[in-house]
Structure formats: structure tokens, C-alpha cells
Amino acid sequence: MLVDSLLRPLFTPLLKRLFRIEVSGVENIEAAGDRVVIIANHLSFLDPIILAAFVPGKPTFAINVYQADKWYFNWLDKLATLYRLDPLKPLSMKRMIQDLRPDSKGTGEKTVNKVIIFPEGRISTSGGIMKIYEGAGMLLEKTGATLVTARIDGTQYSKMSRMGGKLRLRWFPKIRLTFMPPVPFEKNSTVPAATIYRHMTEAALHTSLTRQSFLEAALQAYEVHGGKQPIACDIARIDMNYRQFWRNAWHALKW
């Protein structure tokens, strides 16, 4: 109750202001019904915080047992239910499956309505989707819950990501959070890791900014990567960064 009654009204607007967070598709979580499995890509230590703040109600997190004791999950353990899972031991999901199953309702057993799980099991070191473990698929198979895919964009540029030396990092990058339409699964159906991967890649494609002019894309790249980022070299093999590109383009237009 603490996260909803006290921290969420204070924490959510602060996050939204600091990171200029754009959230879309929240209605898809409501449309998914009573038992929902939310899968999300994992780009930084910020991701659990973002999801805890913007998923309606009080969600439950399924956390890799090797990550659950990290500092950034310590506070989450006090505010939300955590299931510590071993991606190499699918049976470690047994208790969560029992709590999410439909026949546990009304029996006096503990029940959960929304489970958030990172199918990759760790933070991406490439910015893309990494190997998908079997846990999310097994959860859907055993419970017949509805799948909602969450796509997080922007946290890979945070200093709390693992993209140092690969991307220009800053403290407060702009973040977009998108929830895809719900996908129902029948109990005891087969949901391999490839199916989870497909839904995550479809979400990545759906949220990518593909319908842009060259000018829009170039300006966005300048903002994301910074003016000093090399992007090309001329015939003399001299590197050109974004700032030089725009300066040369301006001189060309003047001529």
C-alpha cells in the first residue's frame, strides 16, 4: 500500500519531469484483464523504477536471483512483492505460478494480478535485445495469463546503464515507455523463448521512429549523440562530426 498511497503520487511526477517521460498504451494493461504478465526490455538500473511508477496498481516483480540483492532492488523489496527467480532453474517459478493461477482466487491463498518480468534476466550491454530465458514463457504456459509487452526507450543513454564507452551518457535522458496491446494465451499452451523474443522485437519496431524526414532524424541524432560524435569522413579521410556536418551544410546552402 505504501507505494500507491504515499510514494507514487510524489515520485511519479518527479520522474516524469526529470526524464520528460512519455507514457503510452496504459489502457492496454487495463484491457488485459485480471491476470497480466508484463515483459519488458532491460536497458538500465532505472527500468524497475520506471515500471513501478507507471504500471497501474501495485505490480509484482519477477527478479533474477543474482540481481535481486543489488542495491537498486533493495528499496523495491520494501515497496513491492519480489519473486527471486533463477533463469537456469525453471522450477524456481513454482510459487509465483501458484499465486498467479486462476484457481487460486478465493481459496485464501496469496494471489497476484500483475507480474513484471525482464526476460533477458540482466541489463543489456549492447542496447539491443539479448538472449531470452524460458521463465516468461513458462509463466504464460502454466497460468494462461495475458501478455503485455512494455518497451522502454531512452534509459540506455542514462549513466545508470551499461553502455559507457558506446553511447553518450547523461543523467536525465528523455525516456519513452510504451505498452503494447494485450495478447491472450491459453493455459498449457506452448510459449517458447522465440515467441517472447518476437513480441519484444515487434515492440521495438513499433516504437522506433521510422517515419521521419532526413532532417528530423539528423537533428534527433545530434541531440542524442552530441555534436562531437564522428559520423563520416571526407575524401581526404578527415573525420566529420555532427557539428561540422551542420556547419558545412549551412555553408553549402549559402552558396
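This report describes the fold, the nonpolar cores, the aromatic pairs and the salt bridges of a predicted model.

**Overall make-up**

The protein contains nine helices and 10 strands. Of its 255 residues, 45% are buried. Its accessible surface amounts to about 13800 Å², and carbon and sulfur atoms account for 58% of that area. Among contacts with a separation of 6 or more, 67% are between residues 24 or more positions apart.

**Nonpolar cores**

The largest nonpolar core consists of 31 residues. Those with the most contacts inside this core are Leu15, Ile38, Ile50, Leu51, Phe61, Leu177 and Phe179. At least two residues of this core come from each of H1, strand S2 (36–40), helix H3 (47–54), strand S3 (60–64), S6 and S7. The greatest share is that of H3, which gives six residues. Another core lies apart from this one and has 22 residues, including Val37, Ala62, Leu85 and Leu147.

Leaving aside residues up to four places away in sequence, Phe179 touches Val23, Ser24, Gly25, Val26, Asn28, Ile29, Ile38, Leu51, Val55, Val148, Thr149 and Ala150. Two of these partners, Ile38 and Leu51, are also listed with Phe179 among the residues with the most contacts inside the largest core.

**Aromatic rings**

A search of the whole structure gives three aromatic pairs. Phe19 belongs to helix H1 (residues 2–19), while Phe172 sits in the loop between strand S6 (146–153) and strand S7 (176–179). The pair therefore ties together parts that are 153 residues apart in sequence. The two residues can also be described by their accessibility: Phe19 is buried at 5% relative accessibility, whereas Phe172 is partly exposed at 45%.

Tyr222 and Tyr242 form another pair; their ring centres are 6.4 Å apart and their planes stand at 85°, so this pair is edge-to-face. Tyr222 is in helix H8 (residues 214–225) and Tyr242 in helix H9 (residues 242–254), and the pair links these distant parts of the chain, 20 residues apart. Tyr222 is partly exposed, at 31% relative accessible area, and Tyr242 is buried, at 12%.

A charged side chain also meets an aromatic ring: Lys159 lies over the face of Trp171, 5.8 Å from the ring centre.

**Salt bridges**

Side chains of opposite charge can pair when their charged atoms come close. The search of the whole structure finds five salt bridges.

| Salt bridge | Distance |
|---|---|
| Arg20 and Glu223 | 4.0 Å |
| Asp153 and Arg176 | 3.8 Å |
| Glu202 and Arg198 | 3.5 Å |

Where do the partners Arg20 and Glu223 lie? Arg20 is in the loop between H1 and strand S1 (22–24), and Glu223 is in helix H8, so their pairing ties together parts that are 203 residues apart in sequence. Arg20 is partly exposed, at 41% relative accessibility. Helix H8 also holds Tyr222, the partner of Tyr242 described above.

The bridge between Asp153 and Arg176 connects two strands. Asp153 is in strand S6 and Arg176 in strand S7, so parts that are 23 residues apart in sequence are tied together. Is Asp153 buried or exposed? With a relative accessible area of 12%, Asp153 is buried. Arg176, at 22%, is partly exposed.

The pair of Glu202 and Arg198 lies within one helix. These residues are four apart in helix H7 (residues 193–207), and are therefore separated by about one helical turn. Glu202 is partly exposed, at 39% relative accessibility, and Arg198 is partly exposed as well, at 40%.

Some of the salt bridges share partners. Through such bridges, Arg151, Asp153 and Arg176 are joined into one network.

Notes
Residues are numbered from 1 along each chain as its sequence is written. This is a predicted model: local features need pLDDT of at least 70, side-chain atom pairs count only at pLDDT 80 or more; totals for chains, interfaces and linings use all residues. Side-chain values use heavy atoms; hydrogens and water are left out. Rings of Phe, Tyr and Trp (its six-membered ring) pair if their centres lie within 6.5 Å; planes under 30 degrees apart count as stacked, over 60 as edge-to-face and the rest as tilted. Buried means under 20% relative accessible area, exposed over 50%, partly exposed in between (1.4 Å probe, protein chains only). A charge sits over a ring if NZ of Lys or CZ of Arg is within 6 Å of the ring centre and within 35 degrees of the ring normal. Contact means heavy atoms within 4.5 Å. Accessible areas come from the Shrake-Rupley method with a 1.4 Å probe; for residues, only the protein chains shown count as cover. A salt bridge is a side-chain nitrogen of Lys or Arg within 4 Å of a carboxyl oxygen of Asp or Glu. A nonpolar core is a set of buried Ala, Val, Leu, Ile, Met, Phe, Trp, Tyr and Cys residues joined through side-chain atoms within 4.5 Å.
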